[in-house]
Amino acid sequence: MESLAPAHFAPETVYLNTAATGLVPAPAVAAMTEAATAFSLGRPGAEDHFPVVEAVRAAFARLVGVPARQVATGGSAAVFCGLVAQSLPEGSEVVCVEGDFSSLVNPFHVRPGLAVRTVPLEKAADAVGPGTALVAVSAVQSADGRLADLAAIGEAARAHGARTLVDVSQAAGWLPVDAGAHDFTVCVGYKWLMGPRGTAYLTVPEDLGGLTPVFAGWVAGEDPWDSTYGQVSLARSARRYDENPALLPYTGALAGLRLVEELGPERIAAHDRALAGRFRAGLAALGHRPAPAEDSAVVSVPGLGRAAERLAAAGVRVSARAGGLRASFHLYNSTADVDRLLEALA
């Protein structure tokens, strides 16, 4: 099984670390170089980042199945999670998952006046009760690749009048995502979407979710260039929650999104899962037992985290997370990469 996009990537290592940071495709590098050059030369229009941001917004919206007006753009999942946390009424109960990613759960822990309950992933749906206001969960667990039962969590939330916030940062780009099935989703663009750091997305319901735009600046205005001074008339879309985006990362984000759109998440998922399955089979032959996440593109091997440094020295890039070795497989990987990892482990 070969890479799905060999023309776009030329890694110098066996790169199996997308769950940490995805590789940026060659067209993204070219676009950022062109934009940086325009800035350095003072070319007319170089400071107007709105066309590229709107193109990125639209591409992400298509990928997750919602209208572009329901997508806010920014630079950090933690900021968007903080926006949701700050918008909850005093005394609200929030259900989180043990060991979930800090950028998702920490904004709720530090917000005074919230009652945060932390439960095992497999108990998340059962933990939702009449007093629950929000369930915050990652679609795919960063530490070990386990997939949340989002259908069960969503059903439990609806039954009790709670809302859902799903972090799809470890899902969007390889796993098909239906953002419309959840009240809110957050996603960083620098992992499976193969964009640069500094890109992140928030999706909201059709009614915009009732969030308080606590960091609304001029870009949150209905007409941003007429909103640069004084009180802003907020956009009548999710743009009211926009952060002022970093131009260079957003210039580069479009290429990765277009590549995912061109190949299709279903095809990418089949590719990534096949490589992960090959690695799991090889681990079993070596006497190792990975974490239980059979359908995931992320494979974690408990107790092998210390091997990551040795593997790096051998030219194989993986992560050490929560004491385990974590390998993640994406569209630019091949069976040769899996076999090289197994060889280095042996």
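**Entry 1: the largest pocket**

How many nonpolar, polar and charged residues does the lining of the largest pocket have? I looked this up in a predicted model. I counted ten nonpolar, two polar and three charged residues in that lining. The space in the largest pocket comes to about 240 Å³. I noted that 15 residues line the largest pocket, and that Ala31, Glu34, Ala35, Val52 and Thr251 are the closest to its centre. I then asked which elements give two or more residues to this lining, and I found α1 (26–41), α2 (50–64) and α7 (247–263).

**Entry 2: the second largest pocket**

I recorded about 200 Å³ of space in the second largest pocket. Its lining includes Ala139, Leu147, Ala148, Leu150 and Val168. Also among the lining residues are Pro176, Asp178 and His182. By class, I found ten nonpolar residues, one polar and one charged in the lining of the second largest pocket.

**Entry 3: the annotated domain**

I consulted the UniProt record, an unreviewed entry, which lists residues 14–341 as "domain: Aminotransferase class V". In the model, I found the end C-alpha atoms of residues 14–341 to lie 8 Å apart. I noted that this span is 36% helix and 16% strand.

**Entry 4: helix α4**

I turned to helix α4, residues 102–110, and listed Leu104, Val105, Pro107 and Phe108 as its buried residues. Why do they lie on the same side of α4? They do so because they cover an arc of only 155° around the axis. As background, I wrote down that an α-helix has 3.6 residues a turn, so residues three or four places apart point the same way. On the face of α4 turned away from the buried side, I found the exposed residues Ser102 and Val110. The buried residues of α4 are covered by elements including α3 (77–87), β3 (93–97) and β4 (115–119).

**Entry 5: helix α10**

In helix α10, residues 335–345, I found Thr335, Asp337, Val338, Leu341, Leu342, Ala344 and Leu345 buried. Among the elements that cover these residues of α10, I noted β1 (14–15), α8 (265–285), α9 (307–313), β10 (316–317) and β12 (324–328).

**Entry 6: His271**

I located His271 in helix α8. Is His271 buried or exposed? I recorded His271 as buried because its relative accessibility is 4%, and buried means under 20%. Leaving out residues up to four places away in sequence, I found that His271 touches Met1, Glu2, Ser3, Leu4, His330, Leu331 and Asn333.

Key
Residues are numbered from 1 along each chain as its sequence is written. This is a predicted model: local features need pLDDT of at least 70, side-chain atom pairs count only at pLDDT 80 or more; totals for chains, interfaces and linings use all residues. Side-chain values use heavy atoms; hydrogens and water are left out. On a 1 Å grid over the protein atoms alone, a cavity is a set of points where a 1.4 Å probe fits but cannot get out, and a pocket is an open set with protein on both sides within 12 Å along at least five of seven lines; lining residues have an atom within 4 Å of a point. Grid points are joined across faces, edges and corners, and a volume is the space filled by probe spheres set on the points. Helices (H or I, at least four residues) and strands (E, at least two) are DSSP runs, numbered from the N terminus. Ala, Val, Leu, Ile, Met, Phe, Trp, Tyr, Cys and Pro count as nonpolar, Asp, Glu, Lys and Arg as charged, and the others, Gly among them, as polar. UniProt positions are given in the numbering used here, feature names are shortened, and annotations may be inferred rather than shown by experiment. Buried means under 20% relative accessible area, exposed over 50%, partly exposed in between (1.4 Å probe, protein chains only). The arc is that of the directions from the helix axis to the C-beta atoms. Contact means heavy atoms within 4.5 Å.
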